[in-house]
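Subject: Structure handover

Hello,

Please find the structure below, with the sequence. My notes on it follow.

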Amino acid sequence: MVDDSDSGVRAAVIEALGSFHDPRIPPVLIQALKDPAAMVRQAAVIGLSVRTELVPELDLVNRFTEHLWDLNVQVCQQSAIALGRIGTPQQLMR
C-alpha cells in the first residue's frame, strides 16, 4: 500500500505505520521522505520524529534539515518541529 497510485492512500499508510515500533518500518518511512506527494513526505517526517532512539542510526537530523527547504511549506514546518523535538546534535550526545 505504500506504493499505491493514490497519494492520499500512501499518506494514510505512512501515518499509520509511524505508530508502530517495528524494525521494518523506519526504512519505509525514510523512503517516503522522497515521495513526490507533500502529504506523504509530511507524514514520514511526523512518523520519524517520534523515533528519537533512531536519530543517530538513521541520520535524522540531516534528513530533516534537507526538508527545511522542501517545496511545500507544511513539510518545511513539520521538519522544523521535528528538529525541535529531537534536539541538536550536542543535546543528543549527552
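How many salt bridges does the count come to? It comes to four, where a salt bridge is a side-chain nitrogen of Lys or Arg within 4 Å of a carboxyl oxygen of Asp or Glu.

Before the details, two remarks on the basis. This is a predicted model, in which local features need pLDDT of at least 70 and side-chain atom pairs count only at pLDDT 80 or more, while totals for chains, interfaces and linings use all residues. Residues are numbered from 1 along each chain as its sequence is written, and side-chain values use heavy atoms, with hydrogens and water left out.

Side chains of opposite charge can pair when their charged atoms come close. One of the salt bridges joins the side chains of R10 and D35, at 2.9 Å from N to O. R10 is in helix α1 and D35 is in the loop between α2 and α3, so the pair ties together parts that are 25 residues apart in sequence. Helices here are DSSP runs of H or I with at least four residues, and strands would be E runs of at least two, numbered from the N terminus. R10 has a relative accessible area of 10% and is buried; D35, at 12%, also counts as buried. For these terms, buried means under 20% relative accessible area, exposed over 50%, and partly exposed in between, with a 1.4 Å probe and protein chains only.

D22 and R24 form another salt bridge through their side chains, again with an N to O distance of 2.9 Å. D22 counts as partly exposed at 21% relative accessibility, and R24 is exposed at 65%. The side chains of R51 and E53 also meet in a salt bridge, at 2.7 Å from N to O. R51 counts as buried, with 8% relative accessibility, whereas E53 is partly exposed, with 47%.

Leaving out residues up to four places away in sequence, R10 touches M1, V2, D3, D4, S5, D35, A37 and V40; contact means heavy atoms within 4.5 Å. The C-alpha atoms of R10 and P36 are separated by 11 Å, and these residues are 26 apart along the chain.

H21 lies in the loop between α1 and α2 and counts as exposed, at 55% relative accessibility. Apart from neighbours within four places in sequence, H21 is in contact with R51 and E53, the pair already described as a salt bridge. The C-alpha atoms of H21 and T65, 44 residues apart along the chain, are separated by 23 Å.

Helix α2

Helix α2 covers residues 25-32, and its buried residues are I25, P26, L29, I30 and A32. Seen down the axis of α2, these fall within an arc of 160°, so they line one face of the helix; the arc is that of the directions from the helix axis to the C-beta atoms. The exposed residues P27 and Q31 are on the face of α2 turned away from its buried side. The buried residues of α2 pack against α1 (7-17), α3 (38-49), α4 (55-58) and α5 (60-66).

Helix packing

Two packed helices are described by the angle between their axes and the distance between the axes. Axes are lines fitted to C-alpha atoms, for helices over the stretch in contact, and angles run from 0 to 180 degrees between N-to-C directions.

The axes of α2 and α3 come within 8 Å and cross at roughly 140°. That makes α2 oblique to α3, on a scale where angles under 35 degrees count as roughly parallel, over 145 as roughly antiparallel, 65 to 115 as roughly perpendicular and the rest as oblique. On the α2 side the contact involves P26, L29, I30 and A32, which meet V40, R41, A44, G47 and L48 in α3.

α1 and α3 pack at an angle of about 0°, with their axes 8 Å apart, and are therefore roughly parallel to each other. S7, G8, R10, A11, I14 and E15 of α1 make this contact with M39, V40, A43 and A44 of α3.

Backbone

Most residues other than glycine have a negative phi. D59 has a phi near 55°, a positive value in a residue other than glycine. D59 is in the loop between α4 and α5 and is partly exposed, with a relative accessible area of 37%.

Regards
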